[in-house]
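Please keep the sequence and the structure in view while reading.

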Amino acid sequence: MVCGSFYLPKESENRSLLGEDAHFICAKENTIGVADGVGGWATYGVDAGEYARKLMDNSVMAVHNQHRKSGDVDVDPIQILHEAYGNTKNIAGTSTACIVTLSNEGRTLHAVNVGDSGFMLFRDKKCVYISPIRQSYFNCPLQLGTGSGYTPQSATEIKVRVLRPGDVIVLGTDGLLDNVSPGEIEKVLEENTIEGFVEPEMLAWIIAERLALRNSEDAGRLTPFSIAAHKAGVEHIGGKRDDITVIVGQILAA
């Protein structure tokens, strides 16, 4: 799997310039992940992104440790999340998390998800799978960290079989998923796929800046967030301004 990423922190005078999202790509281990620090912590003077960044840093360490110990055995995303969570308990804050890896010699997508980050799988430029999100109630995702009441045992494990060469994975935080529909990404793939292949980093930039950012600033746009708000009985029209993280991965061989 070849991957690329793009990150756009939301501009705000009261926030860290680093924003509240974090992500990682472990290319050799075919493993990627995103996290979204819960912004409510800023009320207590806590950098909401610090927990997310530390959780992802510890995830990278856990991936390398697991790969070093097991050799060519598949990375276990559940074990990665457990280890990373256990090593992040000394940081105040909470965060969502989604970790995705390839297993079964590249034939299976194996993921673990807590909260409202997630991924979509595209085949032949069409969306064939969307990962489920977990919320306590509308716009309040399950989260890991200080006093949240949730642990990696609360996570959703996902296995998608059977992957094919050319499949495209788009992983992101809710800054992506709240503002961009699968159909919009399908159009981007139509315009940017050459002989079955994409350039992941360029595609991540297009999806983040030209779709997610633009939609988030459009007060009159029908977005996944506005549709979900209507279903929950909440009045909201347009996009939702937020940090935006996008990782694009394409399966080269399975």
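A residue is called buried under 20% relative accessible area, exposed over 50%, and partly exposed in between (1.4 Å probe, protein chains only). Helices (H or I, at least four residues) and strands (E, at least two) are DSSP runs, numbered from the N terminus. The model is predicted: local features need pLDDT of at least 70 and side-chain atom pairs count only at pLDDT 80 or more, while totals for chains, interfaces and linings use all residues. Residues are numbered from 1 along each chain as its sequence is written, and side-chain values use heavy atoms, with hydrogens and water left out.

Two strands are taken to pair if DSSP finds at least two bridges between them.

| Strand paired with E3 | Bridges | Direction |
|---|---|---|
| E2 (residues 21-26) | six bridges | antiparallel |
| E4 (residues 94-103) | seven bridges | antiparallel |

E2 and E3 form a hairpin with four residues between them, and Asn30 in the turn has a positive phi of about 55°. On the E4 side, Thr31 stands opposite Thr101.

**Ser148**

Ser148 is located in the loop between strand E10 (144-145) and strand E11 (156-161). Its relative accessibility is 18%, so Ser148 counts as buried. A polar atom of the Ser148 side chain lies 3.1 Å from the backbone nitrogen of Tyr150. Contact means heavy atoms within 4.5 Å; leaving aside neighbours within four places in sequence, Ser148 is in contact with Thr94 and Gln143.

**An aromatic pair**

Rings of Phe, Tyr and Trp (its six-membered ring) pair if their centres lie within 6.5 Å; planes under 30 degrees apart count as stacked, over 60 as edge-to-face and the rest as tilted. Three aromatic pairs are found in a search of the whole structure. One of them is the tilted pair of Phe138 and Phe225, at 5.3 Å centre to centre with 35° between the planes. This pair links distant parts of the chain, 87 residues apart: Phe138 is in the loop between strand E8 (135-137) and strand E9 (140-141), and Phe225 is in helix H6 (residues 224-231). Phe138 is partly exposed, with a relative accessible area of 23%, whereas Phe225 is buried at 7%.

Technical notes. Polar contact = N/O pair within 3.5 Å; in protein donor to acceptor, adjacent residues only side chain to side chain.
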